[in-house]
Amino acid sequence: MKAILIYLYLIIAAYLAYLGWYREPLPYLDRDQSCWFSIGFIFVNYLLLVGVAKMNIISFPSIYYMMSTAFLAVLFPLYLLLGEDMFLVWFIDDVGYFEESVVLILLGFCSLFLGILLFPVRKQRPESSAPLKGVKSTRLTGYFFVLLAFGIIGLDTLQGGGLALMFKGGYSDFYFSTINNNRLLGASFVWFIPWGSIFLVASSNTKRDFRNALFFVLPAMAIVLLVGDRGTLVQMFLAIVLFMSIRGWLDFRRLIKVRNVIGLFMLLFLLQAVRTTRQVPIQNWTLATFIESDESSEHSFLVNAFLETSISIQSIGGTLKIVPQKESYRYGYDYVKPFINAIPFGGLLFGFNFSKKTSGITPSPTAWFTFHYNKYSDVGYGYLQLMEAYLQFDSLGILFVFGFFGFFLHFLWYKLSTASQIDSRQMSIILIFITTMFLAIRNDSGGLVRVVVFNSIILYLITPWIVAVFNQFVKTKP
């Protein structure tokens, strides 16, 4: 069955790549029909992913597929609900590439599923949890980073910054403070809290260790929720859930218990509510702040949620307007830049500024897109990994890049879920990389290699030094 599916999806992927290359729509289907067809295609793919590929619902490939659905496939129900009015609420005036967008989105899902299928599975998951090694050093580093973040945030808050800015002025005051005045505070939320929390989780050899880790991780998540940083909150939540699945502590039957389902809906509600709450200072929060949608919105809660996740879909039509008619393809250049980004201070050393908003191939796809469509604003629209692949080699880029993504995600999941012993340092690095990759679905891949290099330096070079200092302190303590 699996071999038949591989051949079938090779044919489908090749045909979709052909349509994408020549800018052809799906044949014989109007816009409404293409939306229904796409929804059915993506849903059937997922059923085959779970049923034929035997992929765990909580696994790297499965979660990536579901998050891609949230940020890519949202185009289809949104169009069915709003029709042509969908384009009126977007920021780009002319997004007239709907049919071509449908083909490229389906090509991405098809290629991803094909890559997952192509990975050879030779052995099954062990019945008991694999023991972790390197636990002590990873856990100690986790405590160091989380407590360091708590200290920085607490000190800044007492001085009138930090959470005090959220309390008095809201998210905009807090955000621009981290950009312009206090980079260390920004690092606490972007690096120290999520990385330290994942170190603590990934060094949990037993369920008791895991509960002890959550004693620090859950307050950290609450602080992140207070400042309205949904990305970091989602990263931490996914890392916890994936770790539990790898350890065999989370299965589908346990997942669908009533309390877990209620908890999941509450989390989704809070993530959606953050869109409103972070525009309101904490001191002005009321119950209505959480349960009411934006009063200026004419749409329902569901449509607003779709609109929120569909913002970066504009990068499909926006890119098709420019490439290759006005600017050329990048031929893999954007997949070289992450290795330069990974070098500490590499941009300064080599004179690169990938965040500069300009045309050409030198800026990151996000900065390039912002230059063309939001040049005079500090806020961009994000940029889909799907279109980053297109920006390199047209539809063939999507075919091969997303095929590789599926294969690579399956490889990493297979490596961890079938190992007889797991290094907690490797576990930490993989979890941070994977969750960053999930968040980058609606952004370019410029920072993916950097998180691997930086955390490798932390865990394999800096951590031994921290452990040595800690041991010396314990020995000399009276």
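In which kind of crossing, left-handed or right-handed, does α3 pass α11? The crossing is right-handed, where right-handed means that the near helix is turned clockwise from the far one by less than a right angle, and left-handed that it is turned anticlockwise.

This is a predicted model, in which local features need pLDDT of at least 70 and side-chain atom pairs count only at pLDDT 80 or more, while totals for chains, interfaces and linings use all residues. Residues are numbered from 1 along each chain as its sequence is written, and side-chain values use heavy atoms, with hydrogens and water left out.

## The chain as a whole

The chain has 22 helices and two strands. Helices (H or I, at least four residues) and strands (E, at least two) are DSSP runs, numbered from the N terminus. Of its 478 residues, 53% count as buried. Buried means under 20% relative accessible area, exposed means over 50%, and partly exposed lies in between (1.4 Å probe, protein chains only). The accessible surface of the chain is about 22,800 Å², and carbon and sulfur atoms hold 65% of that area. Such areas come from the Shrake-Rupley method with a 1.4 Å probe, and for residues only the protein chains shown count as cover.

Contact means heavy atoms within 4.5 Å. Among contacts between residues at least 6 apart in sequence, 77% join residues at least 24 apart.

The structure holds zero disulfides, a disulfide being a pair of cysteine sulfur atoms within 2.5 Å. C35 counts as buried because its relative accessibility is 0%. C110 is also buried, at 0% relative accessibility.

## Helices α3 and α11

Two packed helices are described by the angle between their axes and the distance between the axes. Helix α3 covers residues 60–73 and helix α11 covers residues 230–246; their axes come within 11 Å and cross at roughly 145°. From α3, the contact is made by F60, I63 and M67, and from α11 by V234, L238, L242 and I246. Axes here are lines fitted to C-alpha atoms, for helices over the stretch in contact, and angles run from 0 to 180 degrees between N-to-C directions. An α-helix has 3.6 residues a turn, so residues three or four places apart point the same way.

In α5, 19 of the 21 residues are buried, so the helix is largely enclosed by the rest of the structure.

Helix α16 (residues 314–322) is also largely enclosed by the rest of the structure, because eight of its nine residues are buried. The buried residues of α16 are Q314, S315, I316, G317, G318, T319, L320 and I322. P324 is placed in the loop between α16 and α17 (337–341). A cis peptide bond, with omega about 0°, joins V323 and P324.

## The loop between α1 and α2, and other sites

P25 is placed in the loop between α1 (2–21) and α2 (31–51). With its neighbours within four places in sequence left aside, P25 is in contact with L19, E99 and V103. R23 is found in the loop between α1 and α2, and R23 has a positive phi of about 55° although it is not a glycine. D30 is found in that loop as well.

K54 lies in the loop between α2 and α3. K54 has a positive phi of about 55° and is not a glycine. N212 is found in helix α10 (residues 207–226).

The table gives the relative accessibility of these sites.

| Residue | Relative accessibility | Class |
|---|---|---|
| R23 | 21% | partly exposed |
| P25 | 33% | partly exposed |
| D30 | 42% | partly exposed |
| K54 | 69% | exposed |
| N212 | 40% | partly exposed |

Some pairs can be given both by sequence and by space, C-alpha to C-alpha. P25 and E100 are 75 residues apart in sequence and 5.6 Å apart in space, C-alpha to C-alpha. For D30 and E99 the separation is 69 residues in sequence and 8.8 Å in space, C-alpha to C-alpha. N212 and V201 stand 11 residues apart in sequence, with 9.2 Å between their C-alpha atoms.
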